[in-house]
Amino acid sequence: MTTEIKVPVLPESVADATIATWHVQVGDKVSRDQVLVDIETDKVVLEVQALSDGVMTDISQAEGATVLGEQVIGILSEGASEATAPATESKSDAAAPAAAPAAATGSVQVIDIEVPVLPESVADATVATWHVAEGDTVTVDQNLVDIETDKVVLEVVAQANGVIGKIIHVEGDTVLGAQKIGELNAGATASAAPAAAAEEAISSDELAGPSVRRLMTEKGLTANDVVGTGKGGRISKEDVEAAANKPKAAPAKAAAPAPAAQASAALGERTQKRVPMTRLRKTIATRLLEAKNSTAMLTTFNEVNMKPIMDLRKQYKDVFEKTHDTRLGFMSFYVKAVTEALKRYPAVNASIDGDDIVYHNFFDISIAVSTPRGLVTPVLRDADQLSMAGIENGIRALAIKGRDGKLTMDEMQGGNFTITNGGVFGSLISTPILNLPQAAILGMHKIQDRPMAVDGKVEILPMMYLALSYDHRLIDGKESVGFLVTIKELLEDPTRLLLNI
């Protein structure tokens, strides 16, 4: 007999809900009243429990799916757990439980979890984040660990279904390409482990639902601080309240305070936190210092009236988005103007290699992107061959990959010229630092209404400062100023970009 697992009836003011967390998988044995899934609305988290003992045979709505009240999201086969057991069992079979794990692991294959092969320019990497722990059940292609280089984050995924064995290198360890950092027991299942080990591996997520975990966080408690009175040791809100109201035992009087304790007391409430630099942050620091110390860097400024572009966007943004399925932003205008200016001033599109000047006959533009890990500069390839929509889509794709840590080494390397837009954060003017080995970088800034003199009259116009930092060893003042003026003229009269004049 099967039982449908349904979303609870939602309140009248709640239109739909979201599958927050499945606590079971297809094939798992469950017991009556066990929490199977958490359903999250915009107000509360609802727990769906098993109505009987059985086995999960289907999960039709995965985590993150939007569901309606009383919608079927899974199937539970009642009594299936008993049906899978042997028909007869006697005390003489006492050795059977001990033999079961051996039988279950008979087809287990140990697969090494290794660091991906690193590019030639990358000497080593750091174990950034383990997403699993020893004993966790994993599925094929599940992300196990993030490996951070000085440029990108590489994901290591499971090659097969199984259970995580040993974790050899923990977070923060420095590792080499193709180095073994852990083991995956392919074909193993969590049920093959002894019962006592399984109990030790129960996580706080299994002992408490999202609403209970949220309450524990508010009270400053962990699962170890709370005694669960529910079935299987599950923690309820009442258990959390009881633990929060429990008087704390007075600390034993120490004979002599430790130095760390003395330092803490001296600080009082003025606390501080010390964390090591990430590999990316260290690389950024090194490269910026190198740019400052190894180049003759100079910055020249100008300003541009953005009203023509703003009027153009206002007139065509809806039809542009409808036609190309992407919004019309400012960056496509900036990239187009920069590309045309680079064609007119080849020295700005060049770089120094030893005693040689390398002139590039292609236009790969680096776009500075702010990510949770730090500033990165992915490259928009062959910008001169892209349409406005192609530029917008390309920049959007790179920004999303940067945010999610999905940028590849190829997308990060190269680039002849960099555009950085501090205006999105409110910067009015700045002096950007060169992105070596490039010879120049253009800083865009906040568009701000200012009074300007136009034909002897004062007008309020949306103005933006431009800042061009360049290597004076390669680029003279005449070229740098001419390059910046060209960008100004193209942006103030965007039709020239279309007519290529």
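**Reading salt bridges, burial and a cavity**

Colleague: How many salt bridges does the count come to?

Modeller: The count comes to 13 salt bridges, a salt bridge being a side-chain nitrogen of Lys or Arg within 4 Å of a carboxyl oxygen of Asp or Glu. Side chains of opposite charge can pair when their charged atoms come close. This is a predicted model, in which local features need pLDDT of at least 70 and side-chain atom pairs count only at pLDDT 80 or more, while totals for chains, interfaces and linings use all residues. Residues are numbered from 1 along each chain as its sequence is written, and side-chain values use heavy atoms, with hydrogens and water left out.

Colleague: Which residue forms a salt bridge with arginine 344?

Modeller: Glutamate 340 does, with the closest N and O atoms 3.1 Å apart. Both residues lie in helix α10 (residues 331-344), four residues apart, about one turn of the helix. Helices here are DSSP runs of H or I with at least four residues, strands are runs of E with at least two, and both are numbered from the N terminus.

Colleague: Are arginine 344 and glutamate 340 buried or exposed?

Modeller: Buried means under 20% relative accessible area, exposed means over 50%, and partly exposed is in between (1.4 Å probe, protein chains only). Arginine 344 has 34% relative accessibility, so it counts as partly exposed. Glutamate 340 is buried because its relative accessible area is 15%.

Colleague: Where do the partners glutamate 411 and lysine 401 lie?

Modeller: Their side chains meet in a salt bridge of 2.7 Å, N to O. This pair links distant parts of the chain, with glutamate 411 in helix α12 (residues 409-412) and lysine 401 in helix α11 (residues 388-404), 10 residues apart. Glutamate 411 is buried at 16% relative accessibility, whereas lysine 401 is partly exposed at 30%. Elsewhere, salt bridges that share partners join Asp112, Lys180 and Glu183 into one network.

Colleague: Which residues line the second largest cavity?

Modeller: On a 1 Å grid over the protein atoms alone, a cavity is a set of points where a 1.4 Å probe fits but cannot get out, and lining residues have an atom within 4 Å of a point. The count comes to two cavities of 30 Å³ or more. About 40 Å³ of space lies in the second largest cavity, a volume being the space filled by probe spheres set on the points, which are joined across faces, edges and corners. The lining is made of Ile111, Asp112, Ile113, Leu144, Val156, Val157, Ala158, Gln159 and Leu184. Strand β9 (109-114) and strand β13 (153-157) each supply at least two lining residues, and β9 gives the most, with three.

Colleague: Where is isoleucine 475 found?

Modeller: Isoleucine 475 sits in the loop between β27 (457-471) and α13 (477-492). At 0% relative accessibility, isoleucine 475 is buried. Neighbours within four places in sequence aside, isoleucine 475 is in contact (heavy atoms within 4.5 Å) with Ala347, Val348, Ala439, Ala440, Tyr470 and Ser480. The C-alpha atoms of isoleucine 475 and alanine 440 are 8.6 Å apart, although 35 residues separate the two along the chain.

Colleague: Which residues does serine 77 touch?

Modeller: Not counting residues up to four places away in sequence, serine 77 touches Met1, Thr2, Asp53, Gly54, Val55 and Thr57. Serine 77 has its place in strand β8 (residues 72-78) and is buried at 13% relative accessibility.

How values were computed: 1 Å grid on protein atoms, 1.4 Å probe; cavity = no way out; pocket = protein on both sides within 12 Å on 5 of 7 lines; lining within 4 Å.
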